[in-house]
Amino acid sequence: MNQIFLEIQKQLKKALGERRFEHTKGVMYTAASLAMCHGISLNQAQLAGLLHDCAKAIPDIEKLERCKNYGIPISDVEKKNPSLLHAKLGAYLAREQYGVTDEEVLHAISVHTTGEPDMNILDKILFIADYIEPNRDRQPNLEEVRRIAFEDLDRALEKILYDTLKYLEHSNKKIDSMTKKTYDYYVAEGEVER
């Protein structure tokens, strides 16, 4: 691992706290494994995994303020649940604070919580890695999704989206419209079987 990665890791360990940093390392290594399996850039996957939650520890009120100050659009659901803003704000900080210029990495960070229609492979890998990394243990169908992720990204993505929507519906939590649009897109594309 190069010096830039090590420097970012040091900064993130301080900013995120031990538990969140362990999750971050898990996502970084899982994204790297998926990248090797599916034939995309290992460095891009590691960098996206490392920085995906770089804005997570920022208090919600400050997330809202920063997004307004930086001109980052805020949806109605994000206003009510500002923790969702960590993805968009994280992409901004990855560029401005951590010096990332790779647009694919920045995009993957920005969509890693809700997904979006027609995601590229790096987007899918980060989205999936965040869900299946080794420290996760409460998500439904986790073992099945972990297995499928190394066989078929689209099927893993579909299962995660489906399970996420079901969880949000059953717990009466607000569903971000982008998560629903993402799921609907993959259903319409025939990439899912529900």
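Contact here means heavy atoms within 4.5 Å. The model is predicted.

**Helix 9 and its cover**
- Helix 9 spans residues 142-149.
- Its buried residues are Leu142, Val145, Arg146, Ile148 and Ala149.
- Helix 2 (18-38), helix 8 (121-132) and helix 10 (153-170) are among the elements that cover these buried residues.
- An α-helix has 3.6 residues a turn, so residues three or four places apart point the same way.

**Helix 8**
- Helix 8 has 12 residues.
- From first C-alpha to last, helix 8 reaches 16 Å, close to the 16 Å expected at 1.5 Å a residue.
- Helix 8 is mostly covered, with 11 of its 12 residues buried.
- Charged side chains are on the buried list too: Asp123, Lys124 and Asp130 are included.
- Also buried in helix 8 are Leu122, Ile125, Leu126, Phe127, Ile128, Ala129, Tyr131 and Ile132.
- The buried residues of helix 8 pack against helix 2, helix 3 (42-51), helix 7, helix 9, helix 10 and helix 11 (177-188).

**Nonpolar core**
- The largest nonpolar core holds 54 residues.
- Leu12, Leu51, Ile128 and Ile132 touch the most other members of this core.
- Helix 8 gives the most to the core, with 8 residues.
- Ile128 and Ile132 are both buried residues of helix 8.
- Leaving aside neighbours within four places in sequence, Leu51 is in contact with Ile8, Leu12, Ala94, Tyr98, Val100 and Ile109.

**Helix 6 against helix 7**
- Helix 6 covers residues 86-96, and helix 7 covers residues 103-110.
- The two pack at an angle of about 155°, with their axes 7 Å apart.
- Angles over 145 degrees count as roughly antiparallel, and helix 6 and helix 7 are therefore roughly antiparallel to each other.
- On the helix 6 side, the contact uses Ala87, Lys88, Gly90, Ala91, Ala94 and Arg95.
- On the helix 7 side, Glu103, Leu106, Ile109 and Ser110 meet them.
- The residues of this contact divide into 5 nonpolar, 2 polar and 3 charged.
- Ala94 of helix 6 and Ile109 of helix 7 take part in this contact, and both also touch Leu51.

**His23**
- His23 lies in helix 2.
- His23 counts as buried because its relative accessibility is 6%, and the cut-off is under 20%.
- Not counting residues up to four places away in sequence, His23 touches His52, Asp53, Asp130, Glu133, Asn135 and Arg136.

Notes
Residues numbered from 1 in each chain as written. Predicted model: local features only at pLDDT ≥ 70, side-chain atom pairs only at ≥ 80, totals over all residues. Heavy atoms only, no water. Buried < 20%, exposed > 50% of the residue type's maximum accessible area, 1.4 Å probe, protein only. Helix = DSSP H or I, 4+ residues; strand = E, 2+ residues; numbered from the N terminus. Core = buried A, V, L, I, M, F, W, Y, C linked by side-chain atoms within 4.5 Å. Axes fitted to C-alpha atoms, helices over the stretch in contact; angles between N-to-C directions. Parallel < 35°, antiparallel > 145°, perpendicular 65-115°, else oblique. Expected span 1.5 Å × (residues − 1).
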